[in-house]
Amino acid sequence: MGKDPEPTYALIDSRSVETAHAAQHKGFDGGKKVKGRKQHITTDTQGHLLYVKVRPANIHDTIAGGDVIKKTKSKYPTIKGVGGDAGFRGTFKTAAETIGLTVDIIQRIADVGWQVLPRRWCVERTFSWMGGSRRLSKDYEFLVSSAESMVKISHAHTLLRRV
């Protein structure tokens, strides 16, 4: 696509997913009223999955995001910056700046209505691609590692369909 194969900018976001039955490590996301797990992902600017971490839904983005971006940076040392929504302020911003990343918090624009937010649409599109996978409509997995693997398998399937 005319870009360097090694990513230099990452986008981070999360989504809360209900668990179907008994599951290891689940919680309640009070903001979205979901009992289950939260999937944190980082993507590059093309929407390709760089890293995924599944945690209980009651862990806030500012706390979980710091660990996710550190793991992403160790896996892809060429990353120089990261962008996230307003949920990734405070502790996340401090953790990202400690490892040498510039942080762009992409805020919603007030009094405009619906609008495409800069760069953030790439990570949202990746969640949309994942939504097309029947197995990811809910978190059916008992183990957290299996849930992470299902996200990776779903993304690989999406990339193969696009080829």
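A residue counts as buried under 20% relative accessible area, as exposed over 50%, and as partly exposed in between. The views below show a predicted model.

**View 1. Ala-86 lies in the loop between strand 5 (81-84) and helix 2.** Its relative accessibility is 25%, so Ala-86 counts as partly exposed. Not counting residues up to four places away in sequence, Ala-86 touches Ile-105, Ile-106 and Gln-107. Thr-62 is 24 residues apart from Ala-86 along the chain, and the C-alpha atoms of the two are separated by 9.5 Å.

**View 2. Helix 1 (residues 61-75) and helix 2 (residues 91-98) have axes that come within 7 Å.** These axes cross at roughly 20 degrees. Helix 1 is therefore roughly parallel to helix 2. The crossing of the two helices is right-handed. Helix 1 makes the contact through Thr-62, Gly-65, Gly-66, Ile-69 and Lys-70, and helix 2 through Thr-91, Phe-92, Ala-95 and Ala-96. By class, four of these residues are nonpolar, four are polar and one is charged.

**View 3. The largest nonpolar core contains 14 residues.** The members that touch the most others are Ile-12, Ile-69, Ile-79, Val-82, Phe-92, Ala-96 and Leu-101. Strand 1 (9-18), strand 4 (49-56), helix 1 and helix 2 each give two or more residues to this core. A second, separate core has 12 residues, including Tyr-9, Ile-41, Leu-49 and Met-130.

**View 4. The contacts of Phe-92 are shown here.** Leaving aside neighbours within four places in sequence, Phe-92 is in contact with Ile-12, Thr-62, Gly-65, Gly-66, Ile-69, Val-82 and Val-103.

How values were computed: Residues are numbered from 1 along each chain as its sequence is written. This is a predicted model: local features need pLDDT of at least 70, side-chain atom pairs count only at pLDDT 80 or more; totals for chains, interfaces and linings use all residues. Side-chain values use heavy atoms; hydrogens and water are left out. Axes are lines fitted to C-alpha atoms, for helices over the stretch in contact, and angles run from 0 to 180 degrees between N-to-C directions. Helices (H or I, at least four residues) and strands (E, at least two) are DSSP runs, numbered from the N terminus. Angles under 35 degrees count as roughly parallel, over 145 as roughly antiparallel, 65 to 115 as roughly perpendicular and the rest as oblique. A crossing is left-handed if the near helix is turned anticlockwise from the far one by less than a right angle, and right-handed if clockwise. Contact means heavy atoms within 4.5 Å. Ala, Val, Leu, Ile, Met, Phe, Trp, Tyr, Cys and Pro count as nonpolar, Asp, Glu, Lys and Arg as charged, and the others, Gly among them, as polar. A nonpolar core is a set of buried Ala, Val, Leu, Ile, Met, Phe, Trp, Tyr and Cys residues joined through side-chain atoms within 4.5 Å. Buried means under 20% relative accessible area, exposed over 50%, partly exposed in between (1.4 Å probe, protein chains only).
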